[in-house]
Amino acid sequence: MHKHHTSEDGYKYKPDYKWPDLGTIKNCPRCNDELELIENKDSYFGKPWWCAPCQWQFSEEDLATLEEKPDVEK
Ligand SMILES: [Zn+2]
């Protein structure tokens with residue numbers, strides 16, 4: 001079903017993700033492949049990191065959370 005937006009309410013909210021510096025390298029917490037850093041364009045509403053093998057987006061916050069392993073005792 002198509003939703004028809006007729007007013008300024010049609011603007012999509014762009015989440016205020018923290019964007020990494022270009023050239024930053026991170027690995028996927030799931031498959032450990034190198035993540036792709038997406039360009040921060042106004043037309044892009046997704047998260048900054050993309051893993052092609054997992055078909056999954058990550059934000060910096062996601063990565064910080066996933067890198068923590070709270071159930072592992074030091
Ligand atoms: Zn992955």
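1. Asp 33 is exposed, with 12 other C-beta atoms within 10 Å. That count meets the exposed class because the class takes residues with 12 or fewer. This is a predicted model, and the points below should be read as describing that model.

2. Asp 33 is found in the segment before E1. Leaving aside neighbours within four places in sequence, Asp 33 is in contact with Asn 27, Cys 28, Cys 51 and Pro 53. The C-alpha atoms of Asp 33 and Ala 52 are separated by 8.9 Å. Along the chain, Asp 33 and Ala 52 are 19 residues apart.

3. Cys 28 deserves a separate entry. Not counting residues up to four places away in sequence, Cys 28 touches Asp 33, Leu 35, Cys 51 and Cys 54. Cys 28 also belongs to the largest nonpolar core.

4. Which residues make up the largest nonpolar core? There are five in all: Cys 28, Leu 35, Trp 49, Cys 51 and Phe 58. In soluble globular proteins, nonpolar side chains tend to be buried together. Across the chain of 74 residues, 9% count as buried.

5. Now the overall layout. The chain has one helix and three strands. From the N terminus on, the order is β-β-β-α. Among contacts with a separation of 6 or more, 30% come from residues 24 or more positions apart.

6. The three strands form an open sheet, ordered E1-E2-E3, with antiparallel pairing. Strand E1 (36-37) and strand E3 (56-58) stand at the edges. Each has a single partner strand, so one side of each is left without a neighbour in the sheet.

7. How many bridges join E1 and E2? Two, and the pairing is in the antiparallel sense. Strand E2 covers residues 49-51. Glu 36 stands opposite Trp 50 in E2.

8. Glu 39 lies in the loop between E1 and E2. Is Glu 39 buried or exposed? Glu 39 is exposed, because 8 other C-beta atoms lie within 10 Å and the exposed class takes 12 or fewer. The C-alpha atoms of Glu 39 and Pro 20 are separated by 9.9 Å. Along the chain, Glu 39 and Pro 20 are 19 residues apart.

Methods
Residues numbered from 1 in each chain as written. Predicted model: local features only at pLDDT ≥ 70, side-chain atom pairs only at ≥ 80, totals over all residues. Pairing = 2+ DSSP bridges. Helix = DSSP H or I, 4+ residues; strand = E, 2+ residues; numbered from the N terminus. Buried ≥ 20, exposed ≤ 12 C-beta atoms within 10 Å, placed from the backbone. Contact = placed C-beta atoms within 7 Å. Core = buried A, V, L, I, M, F, W, Y, C linked by C-beta atoms within 7 Å.
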